Amino acid sequence: VLATNYFTMESDAPDKLSLISPINGGRTGFFSSFTGKIRPNFQWSNVTDASGIARYDLQISTNSSFTTTVAQLSISSQNVSASADSIAYTPPKGNALPYGSYYWRARAIDGAQNQGVWSDAQTFHAGFLPQWAAITITALLVVLIGVLVYYFVVRRRFLYD
């Protein structure tokens, strides 16, 4: 007896994602300027597919053509925070970014391994200040506080004794 089975593989790629955060041209990682390593929270639109979304590809580059990537991450759909409207992902510490300007884009890959098209690229700036500037400002503030404490506390004590 010869058995014949037929199956159909879903071949529709997921829709193109819309990038939400970091906003185009925005800054991220204000307090991370002190450590010099920034882990932005990436957020994009949620899409659905008949075979389900299996993973997302996220690329981060220093140029808009993505010829050299700083990070190329393949993220399981189980490793993102999902809501009805959006997907959020924060890279692990090993993928933290130094101070600088970056481009990013993302795409969805469904359960049948159909790849969606890349989203339109957006740019963001990681860090508010270079690490050296943040440390210099902090040191100057410490010196200023020391001078003020001396002037208003220590010096006055000698004047009234």
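Strands S1 and S3 pair in the antiparallel sense over 2 bridges, where two strands are said to pair if DSSP finds at least two bridges between them, and strands are DSSP runs of E with at least two residues, numbered from the N terminus. The model is predicted, so that local features need pLDDT of at least 70 and side-chain atom pairs count only at pLDDT 80 or more, while totals for chains, interfaces and linings use all residues. Residues are numbered from 1 along each chain as its sequence is written, and side-chain values use heavy atoms, with hydrogens and water left out.

Strands S3 and S7 run antiparallel and are joined by 4 bridges, whereas S6 and strand S7 (residues 86–89) pair in the antiparallel sense over 2 bridges, with Ile87 in S7 as the bridge partner of Ala82. Taken together, 4 strands form an open sheet with antiparallel pairing in the order S1-S3-S7-S6. The edge strands, each pairing on one side only, are strand S1 (19–21) and strand S6 (81–82).

Ser21 also takes part in a backbone feature, for the peptide bond from Ser21 to Pro22 is cis, with omega near 5 degrees. Pro22 itself has its place in the loop between S1 and strand S2 (26–28).

The largest nonpolar core has 23 residues, of which Trp44, Tyr56, Leu58, Ile60 and Trp104 touch the most other members; such a core is a set of buried Ala, Val, Leu, Ile, Met, Phe, Trp, Tyr and Cys residues joined through side-chain atoms within 4.5 Å. Two or more residues are given to this core by each of S3, S4, strand S5 (69–76), S7, strand S8 (100–110) and strand S9 (122–126). Leaving aside neighbours within four places in sequence, Ile60 is in contact (heavy atoms within 4.5 Å) with residues including Phe42, Phe66, Val70, Leu97 and Trp104. Phe66, in the loop between S4 and S5, has a positive phi of about 60 degrees although it is not a glycine. At 8% relative accessibility Phe66 counts as buried, a term that means under 20% relative accessible area, with exposed over 50% and partly exposed in between (1.4 Å probe, protein chains only).

The side chain of His125 reaches the backbone oxygen of Gly100 at 3.4 Å.

The loop between S8 and S9 holds Gln113, which has a positive phi of about 65 degrees although it is not a glycine and counts as partly exposed at 49% relative accessibility. Asn114 is found in the loop between S8 and S9 and is buried, with a relative accessible area of 15%. Asn114 and Ser11 are 103 residues apart in sequence but 6.5 Å apart in space, C-alpha to C-alpha.

Asp49, in the loop between strand S3 (42–45) and strand S4 (53–61), is in contact with Glu10, Asp12, Ala13, Pro14 and Asp110, leaving aside its neighbours within four places in sequence. Asp49 is buried yet has no salt bridge, the nearest side chain of opposite charge, Arg55, being 12 Å away; a salt bridge is a side-chain nitrogen of Lys or Arg within 4 Å of a carboxyl oxygen of Asp or Glu.

Notes:
Lys and Arg count as positive and Asp and Glu as negative; His and the chain ends are not counted. A polar contact is a pair of N or O atoms within 3.5 Å; within protein, one must be able to donate a hydrogen and the other to accept it, and residues adjacent in sequence count only if both atoms are side-chain atoms.
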